[in-house]
Amino acid sequence: MTRNDTASPLSTADPAGSAAIEVADLVKLYKATRAVDGVSFRVARGSITGLLGGNGAGKTTTIAMIMGLVLPTSGRIHVLGHSMPEQSADVLGRMNFESPYVDMPMRLTVRQNLTIFGHLYAVADLRDRIAQLAADLDLGDFLDRANGKLSAGQKTRVALAKALINRPELLLLDEPTASLDPDTADWIRQHLETYRKTHGATILLASHNMLEVERLCDRVIIMKRGRIEDDDSPDAIMARYNRTNLEEVFLDVARGRIRQSAP
Amino acid sequence: MNGNAASKAAVGRVVAHRRISPHRIGAMVQRYWYLLMSSWPRLLELIYWPALQIITWGFLQRFISENAGFFARAGGTLIGAVILWDILFRGQLGFSISFLEEMWARNLGNLMMSPLKPIEFLISLMIMSLVRLAIGVIPMTLLAFFFFGFNFYSIGLPLIVFFCNLIFTSWSIGIFVSGLVLRNGLGAESIVWTLMFGILPLACIYYPVTVLPHWLQYVAWSLPPTYVFEGMRALLSDHVFRADLMIEAFAINVALFVASFAVFLALLRSARRHGALLQGGE
């Protein structure tokens, strides 16, 4: 996937062959504020794409619109070949998400929470699936403990287990490793990489963690003030800004420094 | 799994997600049941207030019936009214509190992003309102019987009609206020607790409609509970079942229910437009 893909028209035929996410001319206005301002991009199936940007850049709003939690003011969104939010019933069971803006019910145990969400997503082999996730994400020790009594790292693993309960084809993650210690964060990243490889899933993640994005993502979309500032592979972007890591690129973009070479 | 089988399975999954699913409704009921069973204060509260109500009003009824001819003839009218009012009030609270649990837990985003449909969500809240009502009101009726000799179930079949009309009204109000909280966040939570009291004087729970000023009677007759309480008084005082009142109440209830569902959907859409589902706070 390259910058050229951003201009591709939305495809409606052959949903199975289309991109996982196609967004065209997306705008979100909150009164006079343009939270998202004419954003277009496509995310190829099986890829991991990072949405980068400072606070208020429009990353969360963009992801929320893709999920159907927020309605766009204008523009079009296709997810797994279906128009959102009109055809959301066709895709919600095939995708899932994790976000710091939502929690799992605190009084329910981890097992109860996963059971409820497993039923909501019509997971057929639910007991086996929970056992498998417990093994994969190391939840065994606290599977029958109330969610509210877990540490931040444990809660994040549980939230990830919920996000994976239905073996989603598309996973939307909003700052999946925020407030985690480096070891747990690295562990989560490893699991996401494995999940992508074994299931051929598509992952779109918003993050402030540049190392995370460099390590996980095939492609990076940098947003600033609701617009796409840059869009390419991490290596290509770093080369364009003549930088050795994405953190420096991020600072260049945030502080309005000019690129070293034209895209 | 080959490609053909995989695509058939995918189509099957999509079809399953398009229909109203008893499975998903059951999952939500299970979620609230787990919550209720995990918290003894929640369970205790369900019984505590109705019990307090019936004991207070029961003693009042006993005092009045010993000192006034009318109430002596209309034995149980006051206690009956208290129990029916509690069905109306607790029915709405049972619905709305289950909804508020999602707001308090910041779980609404998870649900709205799942295949759960709004109608399935609302049906699960209705079922939970019945469960919570049963936990609170059945002990209340037993207290009325053992302490004050009032057998609520002696009302017989009309009780089912009274109950259905009242529970429909409580759900309509529950759906409406849940929509308001969905759109405006927990800042609108107080409406959940107070709106029903707004109709308390107009529904003529403890007195006949004729007590109201003539012009206010039109307002009272626009509320389904008014018909139920008038019907209850007719039954307990005059031993007459007013089917006409119940049919009129049912007709208004159907209109009210459809309107509240439409308003809920409009408020949900507005919440999505304003990004309220991600905020959920005040």
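Predicted model: local features only at pLDDT ≥ 70, side-chain atom pairs only at ≥ 80, totals over all residues.
How many residues of E7(A) are buried?

1. **Strand E7.** Five of the five residues of E7(A) are buried, so the strand is largely enclosed by the rest of the structure. In a regular strand the side chains alternate between the two faces of the sheet. Both faces of E7(A) are covered. On one side, A:Leu170, A:Leu172 and A:Asp174 are buried.

2. E7 belongs to an open sheet of six strands. Read across, the order is E6-E7-E8-E3-E9-E10. The pairing is mixed. Strand E6 (95-98) and strand E10 (227-232) stand at the edges, each with a single partner strand, so one side of each is left without a neighbour in the sheet. From one strand to the next, the twist averages 15°.

3. **Parallel neighbours of E7.** Strands of a sheet pair through backbone hydrogen bonds, either parallel or antiparallel. E6(A) and E7(A) run parallel and are joined by four bridges. Helix H6 (residues 182-199) of chain A carries the chain across from E7(A) to E8(A). This β-α-β crossover is right-handed.

4. **The E9-E10 pair.** Strand E9 (residues 219-224) of chain A and E10(A) run antiparallel, with five bridges between them. One residue to look for is A:Ile222, whose bridge partner in E10(A) is A:Asp230.

5. **Helices against the sheet.** Helix H9 (residues 246-254) of chain A packs on the sheet. H9 touches strand E3 (48-52), E9 and E10 of chain A. The direction of H9 makes about 25° with that of E9(A). Helix H5 (residues 152-164) of chain A lies across E6 and strand E7 (170-174) of chain A. H5 runs at about 170° to E6(A).

6. **Contact between the chains.** Chain B gives 30 residues to the contact and chain A gives 28 residues. Which helix supplies the largest share of the side of chain B that touches chain A? H2(B) does, with eight residues. Other helices of chain B that each supply at least two residues include helix H1 (3-18) and helix H12 (243-273). By class, this side of chain B has twelve nonpolar, eleven polar and seven charged residues.

Note on methods:
Residues numbered from 1 in each chain as written. Chains lettered and ligands numbered in written order. Pairing = 2+ DSSP bridges. Axes fitted to C-alpha atoms, helices over the stretch in contact; angles between N-to-C directions. Contact = placed C-beta atoms within 7 Å. Nonpolar A, V, L, I, M, F, W, Y, C, P; charged D, E, K, R; others polar. Buried ≥ 20, exposed ≤ 12 C-beta atoms within 10 Å, placed from the backbone. Right-handed = clockwise from strand over helix to strand, strands pointing away.
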